[in-house]
Amino acid sequence: MDDVSVTVASLRLMIQAIHAKNPKVVVVVMPKYPAAAGTRFGADYSPLNEAVRAALADEPNTVLANFEFPGDEDMFLFSKLGHPNCRGDRVMASSVIEALFDARVLSRGLAMGKPGACL
């Protein structure tokens, strides 16, 4: 099996297990991001993320978040390589909120703040 098949199969099992407990739950799937340190990024996972997004588009009550870290900002912890810092966390959290807005799970009443404030 290739990376896409393994990733999609694993995510489907997880989504279906969650929905078996409560089919009304909305599951948010985050894209895979590359390991990095500071502003240096590892592999490009865009093709994998796009393939996963297409494969899971038909899953009920499943929302796919989408984000990319800016390449010119320190987005990762220096003490734990590959883990986002507060800037990276903000990018990820904002993408989840945006995906839930787009899916009409949340209303537009939340104040998101200025997009570049933490950068």
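The legends below go with several close-up views of this predicted model.

**View 1. The whole chain and its order of elements.**
Welcome to the overview: the chain holds three helices and four strands, with helices (H or I, at least four residues) and strands (E, at least two) taken as DSSP runs and numbered from the N terminus. Starting at the N terminus, the order reads α-β-β-β-α-β-α. Of the 119 residues in the chain, 28% are buried; here buried means under 20% relative accessible area, exposed means over 50%, and partly exposed lies in between (1.4 Å probe, protein chains only). The chain exposes about 7700 Å², and carbon and sulfur atoms supply 56% of that area, computed by the Shrake-Rupley method with a 1.4 Å probe, where for residues only the protein chains shown count as cover. Among contacts (heavy atoms within 4.5 Å) between residues at least 6 apart in sequence, 62% join residues at least 24 apart. Residues are numbered from 1 along each chain as its sequence is written, and side-chain values use heavy atoms, without hydrogens or water. Because this is a predicted model, local features need pLDDT of at least 70 and side-chain atom pairs count only at pLDDT 80 or more, while totals for chains, interfaces and linings use all residues.

**View 2. Confidence along the chain.**
The mean pLDDT is 83, and 82% of the residues reach 70 or more; pLDDT is the predictor's confidence in each residue, from 0 to 100. Strand β1 (residues 27-29) has the highest confidence, at a mean of 96, whereas strand β2 (residues 36-37) has the lowest, at 59.

**View 3. The largest nonpolar core.**
Eight residues make up this core: Val 8, Ile 15, Val 27, Val 29, Leu 48, Val 52, Leu 56 and Leu 64. A nonpolar core is a set of buried Ala, Val, Leu, Ile, Met, Phe, Trp, Tyr and Cys residues joined through side-chain atoms within 4.5 Å. Helix α1, strand β1 and helix α2 each supply at least two residues of this core, and the largest share, three residues, comes from α2. Apart from it lies another core of six residues, among them Phe 67, Phe 69, Val 91 and Met 92. Leu 48 also deserves a look: leaving aside neighbours within four places in sequence, Leu 48 is in contact with Asp 3, Val 4, Thr 7 and Lys 32.

The 19 residues of α1 should span 27 Å at 1.5 Å a residue, and the end C-alpha atoms are 28 Å apart, which agrees; the expected span is 1.5 Å times one less than the number of residues. Val 8, Ile 15 and His 19 are the buried residues of α1. They cover an arc of only 40 degrees around the axis, so they sit on the same side of α1; the arc is that of the directions from the helix axis to the C-beta atoms. Their cover includes β1, α2 and β4. The face turned away from the buried side carries the exposed residues Asp 3, Leu 13, Met 14, Ala 20 and Lys 21. Asp 3 has 60% relative accessibility and therefore counts as exposed. Asp 3 and Val 52 are 49 residues apart in sequence, and their C-alpha atoms are 9.8 Å apart in space.

**View 4. Helix α3 and the residue that follows.**
Arg 104, in the segment after α3 (86-102), has a positive phi of about 60 degrees although it is not a glycine. Arg 104 is exposed, with a relative accessible area of 77%.

**View 5. Asn 61 and Thr 62, at the loop and strand β4.**
Most residues other than glycine have a negative phi. Asn 61 has a positive phi of about 50 degrees although it is not a glycine. The residue lies in the loop between α2 (46-56) and β4 (62-64), and Asn 61 is partly exposed, with a relative accessible area of 35%. Thr 62 lies in strand β4 and counts as buried at 13% relative accessibility. Beyond neighbours within four places in sequence, Thr 62 is in contact with Ile 15, His 19, Val 27 and Val 29. Thr 62 and Ala 103 are 41 residues apart in sequence and 9.1 Å apart in space, C-alpha to C-alpha.
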